[in-house]
Amino acid sequence: GVENVSGFNPFVTVEFVGMRGKTEPGQNVVQHAFDSIIKIPVVPPFFEDTILVKLWNYNAWSSDELMAQGFLSFSAIRSKPLQPRWFNFYGWDKNEITDIASISATGEIVEPNFYLGRLLLSARIE
């Protein structure tokens, strides 16, 4: 679950080789247990190794807000399943950085400066 984030509508997406799966969003929560399984069907051969995990804030009347993202290695998980483990997510303090998208569009890399919570995650290849 996600912890330590005040009043948001969190959901998680997992992306790999052009496929995307997502959880249902929590609703105005500070802590949320997703308790979800995301399956991504893939057919080899493919040349991608990066599995992208993103934490989002669902917005009903505007674009969803990307809060944080992390990466997993397909080849590492194929060799050895990822046992359940906590991943800490960091993002940007909205009081300091009001529009991360426009800053990122310039090519500037802005290091995350704010703890958003953590996600318990496991992964395996079937």
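Modeller: Two strands pair if DSSP finds at least two bridges between them, and a strand is a DSSP run of E, at least two residues, numbered from the N terminus. This is a predicted model, where local features need pLDDT of at least 70, side-chain atom pairs count only at pLDDT 80 or more, and totals for chains, interfaces and linings use all residues. Residues are numbered from 1 along each chain as its sequence is written, and side-chain values use heavy atoms, leaving out hydrogens and water.

Biologist: OK, what makes β1 and β2 a pair?

Modeller: DSSP needs at least two bridges, and β1 (residues 10–16) has 4 with β2, in the antiparallel sense. Thr 13, for instance, has Lys 22 in β2 as its bridge partner, and Phe 16 stands opposite Met 19.

Biologist: And how do you know that β1 pairs with β3?

Modeller: Same test: 6 bridges join these antiparallel strands.

Biologist: Why is β1 called largely enclosed?

Modeller: Buried means under 20% relative accessible area, exposed over 50%, partly exposed in between (1.4 Å probe, protein chains only). In β1, 6 of the 7 residues are buried, so the strand is largely enclosed by the rest of the structure.

Biologist: What makes Leu 72 a contact of Phe 87?

Modeller: Contact means heavy atoms within 4.5 Å, and Phe 87 is among the residues that Leu 72 touches in that sense, including Ile 51 and Val 53.

Notes: Lists of a residue's contacts leave out its neighbours within four places in sequence.
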